[in-house]
Amino acid sequence: MKLSKKERTIKYGFYCLIIAVAALLQNVGGLWLEIGGARCFFVIPTVILLVLGEDERTAAFLGLFAGFLWDAVSAAHMGFNCILLMLMCYFAAATVNFWLRNTFWVSVVGAAAGTLIYCVLYWLFVVLPHGGEGAALSLFYFYIPSFIYTSFIGFVLGVAFVPLKQKLNKGYIE
């Protein structure tokens, strides 16, 4: 049984609301903890966990939406998050649709891998060329700890999103 148009609209509207809440938690100072200077990039695991099991086009649009929300508050790298999250979501959905099964551990490892890819590419293309002293060390003092922190939160989000996605899909896996 496929979802009706109304059910899909409700599901994707709820996904966009979850992504918007994740963007607020991530981008508004003081709403979430910083542990030892490491920040949690909520948007990355949230959007990757939500798009797994969806078709590639929908996943790319949800990634584009998440990247747009992140870029809207960014001062330095307009468009970087839109493009990168769109591509990561597209390839994550394609990987699950064609090669792997959509299981809890595949979702959590996919979210962690997406976070690692983001941290390394952002450091490589934005921080390192524009950085001065300390740009090279920021990988070890900020981006790797932020990756570990975000991966742990991704595990927690995975536990929360599995029943939510099953309820919104009404037991049907697309």
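Select Tyr12, Tyr15, Cys16, Ile19, Ala20, Ala23, Gln26 and Asn27 in helix 1, then Thr58, Leu62, Phe65, Ala66, Leu69 and Trp70 in helix 3: these two sets meet, contact meaning heavy atoms within 4.5 Å. By class, this contact of helix 1 with helix 3 has 11 nonpolar, 3 polar and no charged residues; Ala, Val, Leu, Ile, Met, Phe, Trp, Tyr, Cys and Pro count as nonpolar, Asp, Glu, Lys and Arg as charged, and the others, Gly among them, as polar.

The model is predicted, and local features need pLDDT of at least 70, side-chain atom pairs count only at pLDDT 80 or more, and totals for chains, interfaces and linings use all residues. Residues are numbered from 1 along each chain as its sequence is written, and side-chain values use heavy atoms, with hydrogens and water left out. Helices (H or I, at least four residues) and strands (E, at least two) are DSSP runs, numbered from the N terminus.

**Stop 1: helix 1 and helix 3**

Keep both helices on display. Helix 1 and helix 3 pack at an angle of about 30 degrees, and their axes are 10 Å apart. Axes are lines fitted to C-alpha atoms, for helices over the stretch in contact, and angles run from 0 to 180 degrees between N-to-C directions. Helix 1 and helix 3 are therefore roughly parallel to each other; angles under 35 degrees count as roughly parallel, over 145 as roughly antiparallel, 65 to 115 as roughly perpendicular and the rest as oblique. The crossing in which helix 1 passes helix 3 is right-handed. A crossing is left-handed if the near helix is turned anticlockwise from the far one by less than a right angle, and right-handed if clockwise.

**Stop 2: the salt bridge**

Next, select glutamate 54 and lysine 11, which form a salt bridge whose closest N and O atoms are 3.0 Å apart. The pair links distant parts of the chain, 43 residues apart: lysine 11 is in helix 1 (residues 5-27), and glutamate 54 is in the loop between helix 2 (43-51) and helix 3 (56-72). The structure holds 1 salt bridge, defined as a side-chain nitrogen of Lys or Arg within 4 Å of a carboxyl oxygen of Asp or Glu. Both glutamate 54 and lysine 11 are buried. Buried means under 20% relative accessible area, exposed over 50%, and partly exposed in between (1.4 Å probe, protein chains only).

**Stop 3: helix 2**

Move to helix 2, where Val43, Ile44, Pro45, Thr46, Val47, Ile48, Leu49, Leu50 and Val51 are buried. Because 9 of the 9 residues of helix 2 are buried, this helix is largely enclosed by the rest of the structure. Its covering includes helix 1, helix 3, helix 4 (80-98), helix 5 (104-130) and helix 6 (138-169). Glycine 53 follows helix 2 and has a positive phi, near 100 degrees.

Helix 2 and helix 4 pack at an angle of about 35 degrees, with axes 9 Å apart, and helix 2 passes helix 4 in a right-handed crossing. Here Val43, Ile44, Val47, Ile48 and Val51 of helix 2 meet Leu85, Met88, Cys89, Ala92 and Ala93 of helix 4. The residues of this contact divide into 10 nonpolar, no polar and no charged.

**Stop 4**

Select threonine 115 in helix 5. Threonine 115 is buried, with a relative accessible area of 0%. Leaving aside neighbours within four places in sequence, threonine 115 is in contact with Ile44, Pro45, Phe147 and Thr150.

Residues making the contact include Phe104, Trp105, Thr115 and Trp123 of helix 5, and Ser138, Phe147, Gly154 and Val162 of helix 6. By class, the contact of helix 5 with helix 6 has 15 nonpolar, 6 polar and no charged residues.

**Stop 5: two loop glycines**

Finish with the loops. Glycine 36 lies in the loop between helix 1 and helix 2 and, at 77% relative accessibility, counts as exposed. The C-alpha atoms of glycine 36 and serine 146 are separated by 9.5 Å, although these residues are 110 residues apart along the chain. Glycine 79 is in the loop between helix 3 and helix 4 and counts as partly exposed, at 23% relative accessibility. From glycine 79 to valine 106, the separation is 27 residues in sequence and 28 Å in space, C-alpha to C-alpha.
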